[in-house]
Amino acid sequence: MIPNDPAARSIDLLRGMLTIRKAEERLARDFKAGALPGPVHLYIGQEAVAVGVCAQLDARDWITSTHRGHGHFLAKGGDPRAMFAEVYGRSTGICGGFGGSMHVADVSKGILGANGIVGGGIALASGAALAAQLDGAQRVGVCFFGDGAAAQGVLSEALNLAALWKLPLLLVCENNGFSEFSPSSGVIAGSIAGRAEPFGVPGRQVDGNDVEAVAEATAEALERARGGAGATLIEAATYRIHGHVEGEHAFLKTQYRADEEIERWRGRDPVARFAATLVERGTLDAAAVEALAGEIEAAVEAAADSAAEDPYPEPAELDRHLLGAA
Ligand SMILES: Cc1ncc(C[n+]2csc(CCOP(=O)(O)OP(=O)(O)O)c2C)c(N)n1
């Protein structure tokens with residue numbers, strides 16, 4: 001829900017970004033401590049995209065996500081404790097501990113799932129948008145995907161059908177500059193936002209580290225989609241501060257990005273930047289920002305600690321979701 005009061009709305013945006021940041025800082029520490037059963041791809045630095053988009057969505061709207069999906073899950077209202085339990089492989093996880101970090105999903109909240117298939121969410125969100133159109137409920141299908149996924153053929157297929165059928169679809173490309181360890185310049189030809197133009201779909205670029213700019217672009221796209229005018233492609237320029245995957249330095253032989261580049265982007269940190277904006281505007285003072293961050297960190301830590309106490313699924317359950325299993 002979007003609060004009417006602008007100050008409350010801004011504080012909600014900051015709260016949303018801080019929740020993702022604190023949750024992922026915890027996961028980074030868990031990984032370092034050897035406490036995670038699998039890999040994690042962290043979203044630190046990109047929080048303004050998930051939060052800016054999801055702040056404009058309703059519970060009825062559907063999102064699809066990527067292998068870097070914790071931020072999308074939390075921003076769409078996913079339960080942090082159930083997310084931690086899933087990443088920890090516990091039976092209380094949002095997918096019963098069967099999915100792990102790359103598959104966090106909660107269909108009841110419109111979260112159709114993180115996805116290990118690069119570009120996989122694009123087709124799923126298009127299907128969701130078609131279902132939304134057929135059921136007439138004014139829902140919108142929203143797909144988060146990376147710049148690497150923008151090189152997949154499925155994007156053209158989705159744009160084609162979305163244009164023909166005027167699907168209520170919002171394609172949000174998070175251009176964080178890299179596809180695994182390759183700079184985007186070696187993977188992506190031309191402009192990502194420009195890929196929409198030949199289909200007659202509007203494509204626009206936004207500063208993906210400015211939560212309000214993302215929210216504004218999203219609001220416009222949603223108005224189009226809900227009004228029956230069809231899809232929009234938003235390319236949000238951002239940066240992932242952590243590696244492609246935690247622990248990558250253990251197997252990478254060369255450094256694929258300069259420390260100065262990372263530092264430069266740290267200077268544009270979407271969370272610190274928006275907190276500073278709110279202080280400048282007098283919405284919050286510095287002490288209130290610190291108190292909010294402390295309160296969120298305590299809640300996130302409590303959720304993680306408690307999830308870590310939960311049991312693993314029973315070994316007898318292993319084939320529960322397999323076809324043909326008893
Ligand atoms: C279809 C497919 N091809 C390749 C991979 C291996 N892979 C995993 S993540 C990744 C890079 C994705 O880059 P991008 O879409 O920009 O997302 P980011 O990691 O930057 O968030 C690749 C190639 C995969 N998981 N799925």
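Ala82 counts as partly exposed, since 19 other C-beta atoms lie within 10 Å of its own; with C-beta atoms placed from the backbone, a residue is buried if 20 or more others lie within 10 Å, exposed if 12 or fewer, and partly exposed in between. The model is a predicted one, in which local features need pLDDT of at least 70 and side-chain atom pairs count only at pLDDT 80 or more, while totals for chains, interfaces and linings use all residues. Residues are numbered from 1 along each chain as its sequence is written.

Ala82 belongs to helix α4 (residues 80-87); helices (H or I, at least four residues) and strands (E, at least two) are DSSP runs, numbered from the N terminus. Once neighbours within four places in sequence are set aside, the contacts of Ala82 are Thr92, Gly93 and Ile94, where contact requires C-beta atoms, placed from the backbone, to lie within 7 Å. Between Ala82 and Gly97 there are 15 residues of sequence separation and, from C-alpha to C-alpha, 9.5 Å in space.

The protein as a whole has ten helices and seven strands. Its radius of gyration is 19 Å, close to the 20 Å that the globule rule gives for 326 residues, so the protein is as compact as a globular protein of that length. That radius is taken over C-alpha atoms, and the rule is 2.2 Å times the number of residues to the power 0.38. The C-alpha trace spans about 60 × 50 × 45 Å along its principal axes. Of the 326 residues, 47% count as buried. Among contacts between residues at least 6 apart in sequence, 75% join residues at least 24 apart.

Apart from neighbours within four places in sequence, Val142 is in contact with Val53, Leu57, Asp61, Trp62, Ile63, Ala125, Leu170 and Val172.

Ala125 is also one of the buried residues of α5, which include Gly121, Ile122, Leu124 and Ala128. Covering the buried residues of this helix are elements including β1 (62-64), β2 (141-146), α6 (153-165) and β3 (169-175). At 1.5 Å a residue, the 16 residues of α5 (residues 120-135) should span 22 Å, and this agrees with the 23 Å between its end C-alpha atoms; the expected span is 1.5 Å times one less than the number of residues.

After α5 comes Gly136, with a positive phi near 65°. In the loop between α5 and β2 lies Gln138, which has a positive phi of about 60° although it is not a glycine. Gln138 counts as partly exposed because it has 16 C-beta neighbours inside 10 Å. Glu180, likewise not a glycine, has a positive phi of about 50° and is found in the loop between β4 (178-179) and β5 (182-183).

Finally, the ligand has 15 residues around it, of which Val118, Gly146, Gly148, Ala149 and Ser179 come nearest; a residue is near if its C-beta atom, placed from the backbone, lies within 6 Å.

Definitions and conventions
Two residues are in contact if their C-beta atoms, placed from the backbone, lie within 7 Å.
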